[in-house]
Amino acid sequence: MTEDVPEREARSFELPDGENIFVTQRDGMFFAYKNICPHLQVELEFLENQFLDQDQEYIECSTHGALFTVETGECVAGPCTGEFLQKLAISVHSDGGIYLS
Ligand code: FES
């Protein structure tokens, strides 16, 4: 639900198949990615739901500090610069539900 993901925060979710994803909100838009860093294929967060950097500007990998844009998932700093997080297509329904498309 949209209310579970406040502006400039992120929440992780486990899909029925066990896959780990996270959703974040920026300027009223929602973005979802697989929770896998393209550098070493590990999960991004160290603490629960801590997917953003200190300024809550970028998605940050806790292992080596790679920074990814919220909107596209492109790595703009760190060891995997130029690579992308795996983005998931989602849609927000009028009931406030966030659905994978
Ligand atoms: S594992 Fe994510 S930056 Fe190295």
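Modeller: Tyr33 is buried, at a relative accessible area of 0%; buried means under 20%, exposed over 50% and partly exposed in between, with a 1.4 Å probe and protein chains only. The model is predicted, and local features need pLDDT of at least 70, side-chain atom pairs count only at pLDDT 80 or more, and totals for chains, interfaces and linings use all residues. Residues are numbered from 1 along each chain as its sequence is written, and side-chain values use heavy atoms, without hydrogens and water.

The structure holds two aromatic pairs. Rings of Phe, Tyr and Trp (its six-membered ring) pair if their centres lie within 6.5 Å; planes under 30 degrees apart count as stacked, over 60 as edge-to-face and the rest as tilted. Phe22 and Tyr33 make a tilted pair, 5.9 Å centre to centre with 35° between the planes. Phe22 lies in strand S2 (residues 20-26) and Tyr33 in strand S3, so this pair ties together parts eleven residues apart in sequence. Strands (E, at least two residues) are DSSP runs, numbered from the N terminus.

Phe22 also has 0% relative accessibility and counts as buried. Phe22 and Phe51 form a stacked pair, with 4.2 Å between centres and 10° between planes. Phe51 sits in the loop between S3 and strand S4 (59-60), so its pair with Phe22, in S2, ties together parts 29 residues apart in sequence. Phe51 is buried too, as is Phe22.

Technical notes. Helices (H or I, at least four residues) and strands (E, at least two) are DSSP runs, numbered from the N terminus.
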